[in-house]
Amino acid sequence: IYAVNAVKERNIGVRQRQLRKSKKDYHFQRLGGGNNLRNSQERTGTFMMVLSPSQETTPCDSNAMGNGVFSYKNGMLCAHITYNGLKNGDVENRSHIHGPSEIGETYTETILAFYDQTMTDGLPGGNKSRCYDLSEVDDAKGYDEGTVEDWLFDGLLNVNIHTKLCDKGELRGQIILISGDD
């Protein structure tokens, strides 16, 4: 509870600022104005996440749980996630990183996919390890450079495990910075 409250207090207003950020604002911030944005090649961080049904905006009646550890360096986000105990032995039908959203808020975007039924290289099941170049994600999504990185360091990304029983998500976990650049 203390960690959740600390992240909420640290992130007051961050979501609105990030959603309004324009290219002009972004370049101003990179040149030293605005918040403490840094060059992706210099920023590093270790993040953690606890997956639980209670973090869903509409919790599913499930006892499933899981966790994740994430590392960020040189523009690459590497995710290592594990979970078990999906309701009635259900299996995931898709899993994503979503955002931007604070803890307990509805997310607006699917940022990255670990698995969906259309993927040939997806990672179904309870253990996932994959790395992503966040510059490529920004380009593919049409975001300003550094947007997903900023959401990550501001605590505005979460992982969601969707199942047939709980289509909106059986498990959700906020990705929280535990060490590194802030």
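Which residues are buried in helix α4 (residues 134-141)? They are Leu-134, Val-137 and Asp-138, where buried means under 20% relative accessible area, exposed over 50% and partly exposed in between (1.4 Å probe, protein chains only). The model is predicted, so local features need pLDDT of at least 70 and side-chain atom pairs count only at pLDDT 80 or more, while totals for chains, interfaces and linings use all residues. Residues are numbered from 1 along each chain as its sequence is written, and side-chain values use heavy atoms, with hydrogens and water left out.

**Helix α4**

- Leu-134, Val-137 and Asp-138 are buried; they cover an arc of only 100° around the axis and therefore lie on the same side of α4. The arc is that of the directions from the helix axis to the C-beta atoms.
- An α-helix has 3.6 residues a turn, so residues three or four places apart point the same way.
- Glu-136, Asp-139 and Ala-140 are exposed on the face of α4 turned away from its buried side.
- At the start of α4, a side-chain oxygen of Asp-133 comes within 2.9 Å of the backbone nitrogen of Ser-135.
- Gly-142, which follows α4, has a positive phi near 80°.
- Helices (H or I, at least four residues) and strands (E, at least two) are DSSP runs, numbered from the N terminus.

- The structure holds five salt bridges, each being a side-chain nitrogen of Lys or Arg within 4 Å of a carboxyl oxygen of Asp or Glu.
- Arg-43 pairs with Glu-149, with the closest N and O atoms 2.9 Å apart. Because Arg-43 lies in the loop between α3 (23-30) and β1 (44-51) and Glu-149 in helix α5 (residues 147-153), this pair ties together parts that are 106 residues apart in sequence.
- Arg-43 also forms a salt bridge with Asp-150 (3.1 Å, N to O), a pair that links parts of the chain 107 residues apart.

**Salt bridge between two loops**

- Lys-87 and Asp-61 form a salt bridge, the closest N and O atoms being 3.2 Å apart. Lys-87 sits in the loop between β3 (76-84) and β4 (92-99), and Asp-61 in the loop between β1 and β2 (65-73), 26 residues apart.
- Lys-87 is partly exposed at 25% relative accessible area, whereas Asp-61 is exposed at 60%.

Definitions and conventions:
Polar contact = N/O pair within 3.5 Å; in protein donor to acceptor, adjacent residues only side chain to side chain.
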